[in-house]
Amino acid sequence: MPVVAAEDYRHAVAGEPWELCPIAITGPIQHRSSPRDDSFEATRRLAEISLQTPLDYPAIGDAILAGDHVALAVDPNVPRVAEVIAGVLDLLKSCEAGRVSIVLWAEASDTCYQSLTQRFQNVAPEDIESGSAPGGDALISVMRHCPRDRREMRYVAADADAEAIYLARDLVDADFTIPIVAARARDAADRADKAAVFPIFADASTMQRYQTTVSIADSERMAEEVSWLLGVQLLMMVSSDAAGSVARILTGTPEAIRAELDTLHADEQDGSGRNETCPQAEMVVASLDGDANVQTWSNVARAAVAASGHTEGDAAIVVWSQLRERPSPMWQQELSDRRNDADSDGIGCDDSHEETRDEIIEHDSSSASANDFADWSTDRAWARKLGQLIESNRVFLHSELEDSDVESLGLGIINSVDELHRLGQTCQAAGMLRAAQFQASSIARSEAATEEG
């Protein structure tokens, strides 16, 4: 299929096959924001250079003092995340930073967490307080955010409803915090901080509130306040190319990054506020391009949600992945329960099981130990999004899982390219989203107002 850039699709012939790639961030330093080649070393070097020349901020060496504790708040979906982190650590070493905490989103897979730990961790957790590793090198610790464990949290603020907000301990304790995030349009769960700090690194009870009951406007206000309380001054954003590798790295203040993204997406809107360059088809294939770190159930949901914005009629959505991770009990509960609800629609049980799920969550919260918050994660929000799509669309999955694991969730199965071709023969037109996990809806501020209204 021809590769058609989103901004050029309006010139394509209606009904022809199309393929969309992630929209790359640009910025005024575009000539220095792309890797010189596709090597791991080029990615590592680009990450280091990006921190040396941030947008609207002095060189990082002027902001970090010798011995400072630096925290990296890391989105595990960042393309080539290990090499990006390695480049950041190279620069922090030249600044003579002290302890460095690499804190991953809770959704980080076991594969991602273990590989980063093996590569970067240089001290046992019980020895962290000593301040340096043998030989005088800076300590580097790798951890995955544990939103239920009260011992891993620090109180940061109370929100407008006087509810306490806790955040990952290492982010609060650090002298300097740098979020490292994948560039994607507005998070389809509609509750994501653009700097990926709040509520991603909050306690589970706060996550639940800000993903289910708190308004978008209040959520965004709280995200800005938490970022200010943490002293988040820099944000590193990494965009993906069609193959799931690094296309651009842009580092700057959150305000400078926001301005670049607003400018980038402004051209996609016509005078009516509609996106006139959004191609549609009866079958959309959303591929999870990238390494093993991005082959997760959360990204399956992200890809399916992105594909749903390009469907028309009785559409088929195919998520093409190399997923090997069996669904957790939470995913099984959310998706299989929705399937059971759909099967029982004939006897009028629309909302009963939704109440049951909420009762389960409330029970889990009340029975938790003193060191635990409510049983909630961002994955649950994504599971519900995917469940809603399964109810209203034909959703298929290509993966490396057993067929029974996929079918039990209400998903169809595509095992081969030949099967995909046969499905495509039933459709008038087809499209493809490459690196679909990064292709959610527009990140422009105006969208929040539209959704709230």
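**Fold, sheet and aromatic pairs in a predicted model**

In the protein, residues 24 or more positions apart make up 75% of the contacts with a separation of 6 or more. The model is a predicted one. Its secondary structure consists of 14 helices and 14 strands. Of the 453 residues, 53% count as buried. The accessible surface amounts to about 19,600 Å², and carbon and sulfur atoms contribute 47% of it.

Strands of a sheet pair through backbone hydrogen bonds, either parallel or antiparallel. Strand 7 (residues 176–182) and strand 8 (residues 235–240) run parallel and are joined by three bridges. Ala 182 has Val 238, in strand 8, as its bridge partner.

Helix 3 spans residues 110–120, and its buried residues are Cys 112, Leu 116 and Phe 120. Seen down the helix axis, these residues fall within an arc of 30 degrees, so they line one face of helix 3. Their cover includes helix 2 (81–94), strand 3 (100–104) and strand 4 (140–144).

The count of aromatic pairs comes to three. In one of them, the ring centres of Phe 198 and Tyr 210 are 4.9 Å apart. Their planes stand at 75 degrees; angles over 60 count as edge-to-face, so this pair is edge-to-face. Phe 198 sits in the loop between strand 7 and helix 5 (204–212), while Tyr 210 belongs to helix 5. The two residues are 12 residues apart, and both are buried.

Trp 297 and Trp 331 form a tilted pair, with 5.9 Å from centre to centre and 35 degrees between the planes. This pair links distant parts of the chain, 34 residues apart. Trp 297 lies in helix 8 (residues 297–308) and Trp 331 in helix 9 (residues 329–343). Trp 297 has a relative accessible area of 2% and is buried. Trp 331, at 2% relative accessibility, also counts as buried.

Conventions:
Residues are numbered from 1 along each chain as its sequence is written. This is a predicted model: local features need pLDDT of at least 70, side-chain atom pairs count only at pLDDT 80 or more; totals for chains, interfaces and linings use all residues. Side-chain values use heavy atoms; hydrogens and water are left out. Buried means under 20% relative accessible area, exposed over 50%, partly exposed in between (1.4 Å probe, protein chains only). Helices (H or I, at least four residues) and strands (E, at least two) are DSSP runs, numbered from the N terminus. The arc is that of the directions from the helix axis to the C-beta atoms. Contact means heavy atoms within 4.5 Å. Accessible areas come from the Shrake-Rupley method with a 1.4 Å probe; for residues, only the protein chains shown count as cover. Two strands pair if DSSP finds at least two bridges between them. Rings of Phe, Tyr and Trp (its six-membered ring) pair if their centres lie within 6.5 Å; planes under 30 degrees apart count as stacked, over 60 as edge-to-face and the rest as tilted.
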